Amino acid sequence: MASSSSLRPRNAGFPAAPHTTLSKSSHDPRKHVGVHFEHVSNVSNTEYPGHYPGEDHSWNLGKFKQGLRVVVQRVSQRSIEFDLVGVDASIANAFRRIIIAEVPMIAIENVYVWNNTSVIVDEVLSHRLGLVPLNVDPAVLEPRTETGFNSQPNDRNTLVFKLKVACERNPRVAKGAPGEYINDEVKSGHLVWTPQGEQPAVSVFAKRPPAATNPDIVLAKLRPGQEIDMELHAVKGVGQDHAKFCPVATATYRTHPLIILNPSKPVPRHLAKKFAQCFSPGVVTVDDDGNVSIEERNMRRDSVSREVLRHREFDGCVELKRIRDHFIFNVESEGPYAPERLFLESVTVMRDKIATIKRSVEALMSGGPDGAAANGADVDVEMAGT
Amino acid sequence: MANTRPKVEILPGAESDLSAATFRINNESHTIGNALRWMLMKNPKVEFCGYSVPHPSENHIHVRVQMYGTPIPPSFCSSFHQTKFPDKLSSLQALLTALSDLDDLFQTIEGAYRQSLNAGNYERWDEKS
């Protein structure tokens with residue numbers, strides 16, 4: 001990681017703007033989505049073969065590589081912001097969808113209740129337990145499957161936790177004083193990992209024993225005489241099955257805002273301050289003479305609120321746009337994944353998907369077991385060459 | 001769910017030479033559907049491509065691919081099409097090409113991302129939870 005980039009003090013008003021990622025191609029009007037008072041224009045991508053006469057827009061990896069730019073902007077322990085430039089919205093959206101729904105995570109799935117005399121009923125408590133984020137890297141477990149070896153719980157696909165808490169009165173504290181009870185709150189820190197089979201020998205577990213990422217989540221409240229005794233089985237799953245398997249708090253993107261001043265109709269000097277206030281802080285700068293300019297570095301911070309279009313005195317002074325192929329991603333990790341790793345995981349998931357579909361298509365082409373012959377009733381097509 | 005269905009199936013009604021066909025891809029969604037549609041549309045030999053999720057509670061998508069050279073009634077067939085695309089191309093081949101190209105694309109993006117991350121030219125900041 002970057003050793004040179006230290007903690008920079010942040011501007012009080014808004015996050016310090018990272019380096020600009022706008023390039024010459026950002027100013028190509030074909031890539032601009034218009035943002036107007038009541039409508040948007042030129043929303044869809046038009047770069048397809050046959051759209052522009054005499055231009056070749058067929059897929060070309062070399063051309064794609066030239067236009068592609070990925071720039072990591074800001075990274076913290078929990079989140080990452082990066083720019084993905086030169087791709088279609090369908091590709092950017094695929095990444096977002098996969099990070100949310102298909103990057104695997106580990107969460108508690110089965111709860112065996114031996115005893116629960118608390119006021120919170122078994123199924124509600126089980127649901128709460130499922131939502132507790134665990135600190136285990138999902139790569140160490142195999143997913144449960146419908147059939148075969150991993151259809152049954154074993155030490156390769158399941159982590160076992162015990163939750164055994166009983167509340168009692170603290171004899172050394174007076175009645176009514178704070179701390180009169182012991183274990184009056186069952187917290188995520190009470191989960192005790194019980195290694196199974198070969199799990200004690202796994203170095204990852206030895207270095208960082210499986211537990212909740214946050215030990216202070218209150219799961220239930222108890223009073224003297226009440227107790228909870230449970231066995232919890234955590235498995236690997238994906239967000240599309242249950243939100244507890246979602247590795248992120250948010251994974252979003254937005255397209256890069258573009259603000260273009262009209263040189264033939266400058267902003268009236270006495271209104272410069274009002275003009276600047278129509279935009280997010282730092283986007284518009286006003287010099288001592290009242291001349292208005294756009295800070296390109298900070299343009300990405302604009303919310304494109306369209307406030308400037310509400311004032312008649314600024315009619316024709318400025319155009320609001322967004323760059324269609326410039327995506328600013330923001331991903332907030334909420335599990336064991338480091339934020340910079342999530343995007344790479346999503347690429348892996350996507351390429352696995354493609355490989356699976358490709359194998360099936362190849363089987364169809366050769367009329368193999370996966371192909372038309374296997375489901376003759378479903379398909380009334382004769383394969384080419386058979 | 002004892003799912004023994006193949007990942008990709010060809011729906012009834014496809015042209016016998018597969019110059020136009022609708023594919024059913026099981027256990028997939030908009031994620032792959034839209035990306036695949038875009039890549040197929042980048043193929044100049046593809047006349048039409050579209051995808052749909054036929055029902056929200058059925059976990060599969062339909063991808064329709066029509067190639068230039070699809071047998072269409074001569075009255076609708078322009079001379080341009082007849083001269084430029086005389087042979088009927090397989091939509092299955094186009095699908096396979098699109099999948100390979102998509103894989104190249106994702107590999108390229110991964111490389112670019114790693115490069116930017118390793119260059120370390122970004123701001124590190126401390127986020128309070």
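Chain A holds six helices and 16 strands, where helices (H or I, at least four residues) and strands (E, at least two) are DSSP runs numbered from the N terminus. This is a predicted model, in which local features need pLDDT of at least 70 and side-chain atom pairs count only at pLDDT 80 or more, while totals for chains, interfaces and linings use all residues. Residues are numbered from 1 along each chain as its sequence is written, chains are lettered from A and ligands numbered from 1 in the order in which they are written, and side-chain values use heavy atoms, with hydrogens and water left out. The secondary structure of chain B comprises three helices and five strands.

**The two chains**

- Of the 386 residues of chain A, 46% count as buried; buried means under 20% relative accessible area, exposed means over 50%, and partly exposed lies in between (1.4 Å probe, protein chains only).
- In chain A, residues 24 or more positions apart account for 75% of the contacts with a separation of 6 or more, a contact being heavy atoms within 4.5 Å.
- In chain B, which has 129 residues, buried residues make up 52%.
- Residues 24 or more positions apart provide 51% of the contacts in chain B with a separation of 6 or more.
- Read from the N terminus on, the elements of chain B follow the order β-β-α-β-β-α-α-β.

**The contact between chain A and chain B**

- Chain A brings 67 residues to the contact, and chain B brings 59 residues.
- The area buried between chain A and chain B is about 6300 Å², and carbon and sulfur atoms give 64% of that area; buried area is the accessible area (1.4 Å probe) that two parts lose on being put together, summed over both.
- A:W59, A:R351 and A:I357 supply 11% of the area that chain A buries against chain B, more than any other three residues.
- Between chain A and chain B there are 21 residue pairs in polar contact (both at pLDDT 80 or more). A polar contact is a pair of N or O atoms within 3.5 Å; within protein, one must be able to donate a hydrogen and the other to accept it, and residues adjacent in sequence count only if both atoms are side-chain atoms.
- On the side of chain A that touches chain B, two or more residues come from each of α1 (61-67), β3 (69-75), β4 (79-85), α2 (89-101) and α6 (339-365) of chain A.
- The element that gives the most to this side of chain A is α6(A), with 16 residues.
- The residues on the side of chain A that touches chain B comprise 34 nonpolar, 14 polar and 19 charged. Here Ala, Val, Leu, Ile, Met, Phe, Trp, Tyr, Cys and Pro count as nonpolar, Asp, Glu, Lys and Arg as charged, and the others, Gly among them, as polar.
- β3(A) pairs in the parallel sense with strand β5 (residues 123-124) of chain B over two bridges; two strands pair if DSSP finds at least two bridges between them.
- A:V75 stands opposite B:R124, which belongs to β5(B).

**Salt bridges**

- The whole structure contains 29 salt bridges over all chains, a salt bridge being a side-chain nitrogen of Lys or Arg within 4 Å of a carboxyl oxygen of Asp or Glu.
- Five salt bridges are counted between chain A and chain B.
- One salt bridge joins B:E28 to A:K353, with the closest N and O atoms 2.6 Å apart.
- B:E28 also forms a salt bridge with B:K7, the closest N and O atoms being 3.0 Å apart.
- This second pair links distant parts of the chain, 21 residues apart: B:K7 is in the segment before β1 (8-10) of chain B, and B:E28 is in the loop between β2 (20-26) and α1 (30-41) of chain B.
- Both B:K7 and B:E28 are buried.
- Within chain A, A:E81 and A:R301 form a salt bridge whose closest N and O atoms are 3.6 Å apart.
- A:E81 lies in strand β4 of chain A and A:R301 in the loop between β15 (292-294) and β16 (318-333) of chain A, so this pair ties together parts that are 220 residues apart in sequence.
- A:E81 counts as buried because its relative accessibility is 8%, and A:R301 is buried with a relative accessible area of 16%.
- B:K128 forms a salt bridge with B:D126, the closest N and O atoms being 2.5 Å apart.
- B:K128 counts as exposed at 66% relative accessibility, whereas B:D126 counts as partly exposed at 36%.
- Salt bridges that share partners join A:E81, A:D83, A:R300 and A:R301 into one network.

**A residue in strand β3 of chain B**

- B:E47 is found in strand β3 (residues 46-52) of chain B.
- B:E47 counts as partly exposed because its relative accessibility is 35%.
- B:E47 and B:M67 are 20 residues apart in sequence, and their C-alpha atoms are 5.0 Å apart in space.
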